[in-house]
Amino acid sequence: MVESERLSFIRHNQKKLRVDKYSSLQGSLHVGTSKGLSKGKRAILTSTFVGSPCYMDQLYFDGMAICNHVGFPNLFITLTCNPNWTKIRRVLAPLNLKATDRPDIISRVFRLKYEHMLFDLTKNHLLGKVVAFMHTIEFQKRGLPHIQLLLFLHPDNQYPSSDEIDHIISAEIPSHEDDPELYTLVQNHMVHGPCGILQSHSPCMKEDYHTNSIILP
């Protein structure tokens, strides 16, 4: 409803938005036919309308300006909504609902989680002093929001070598004996299964081989 109201405002206020000054519209009058019936009535979406071409162009230029000013990003961080989060299950479980039934609750909780993580990164300097950041939010096929975050670190807090990167990033399954809590988190949230010979019809299986999976022993 909100989006429809915004589109209605833009459609009925084209003169106030001065869209007739757009060069593409002026050029179209001089190319081919100029009959009104063949052209229809065009409404130009401004950069204030989320998702419009002008909106996407403006974000792209802003991102390039940030890179031009502070340099290349140093860290690429992703965060995916987990439908098993306590705040989500607390609301959905008594009503016997799935995450896809209440996208409003999913998006709200995800936003709170992201803002908390962003506060730790930018204000508490969890991974170093952050001088700039940019992000994009998309929705996966199963309807869960997913964010991709770029962090630009201060030159004194960057990680120039692979040994320093290893202090904050791990591509290994943690030891169950040394860090049982982290092992449980990785097992529950970053590893799927069973597949392979235990479940040959798993979506990751193709011709009796798992294409992109990790199976814990």
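Which residues lie nearest the centre of the second largest pocket? Point 2 takes this up.

1. **The model.** This is a predicted model, where local features need pLDDT of at least 70, side-chain atom pairs count only at pLDDT 80 or more, and totals for chains, interfaces and linings use all residues. Residues are numbered from 1 along each chain as its sequence is written, and side-chain values use heavy atoms, with hydrogens and water left out.

2. **The pocket.** Tyr 55, Leu 59, His 135, Thr 136 and Ile 137 lie nearest the centre of the second largest pocket, which has 17 lining residues. Two or more lining residues come from each of H4, strand E2 (130–139) and strand E3 (145–153). H4 gives the largest share, 8 residues. The space in this pocket is about 570 Å³. A pocket is an open set of points on a 1 Å grid over the protein atoms alone, where a 1.4 Å probe fits, with protein on both sides within 12 Å along at least five of seven lines; lining residues have an atom within 4 Å of a point. The volume is the space filled by probe spheres set on the points, which are joined across faces, edges and corners.

3. **Helix H4.** Helix H4 covers residues 53–70, which is 18 residues. Its first and last C-alpha atoms are 26 Å apart, close to the expected 26 Å. The expected span is 1.5 Å times one less than the number of residues. Just after H4 comes Gly 71, with a positive phi of about 100 degrees.

4. **The order of elements.** The protein chain has 8 helices and 5 strands. These are DSSP runs (helices: H or I, at least four residues; strands: E, at least two), numbered from the N terminus. From that end, the order is α-α-α-α-β-α-α-β-β-α-α-β-β.

5. **Salt bridges.** The count is 2. The rule asks for a side-chain nitrogen of Lys or Arg within 4 Å of a carboxyl oxygen of Asp or Glu. Asp 104 pairs with Arg 102, at 2.9 Å between the closest N and O atoms. Arg 111 pairs with Glu 115, at 3.3 Å. Arg 111 and Glu 115 both sit in helix H6 (residues 103–122), 4 residues apart, about one turn of the helix.

6. **Exposure.** Buried means under 20% relative accessible area, exposed over 50%, and partly exposed in between (1.4 Å probe, protein chains only). Asp 104 is partly exposed at 36%. Arg 102 is partly exposed at 28%. Arg 111 has 38%, so it counts as partly exposed. Glu 115 is partly exposed at 40%. Of the 217 residues in the protein chain, 23% are buried.
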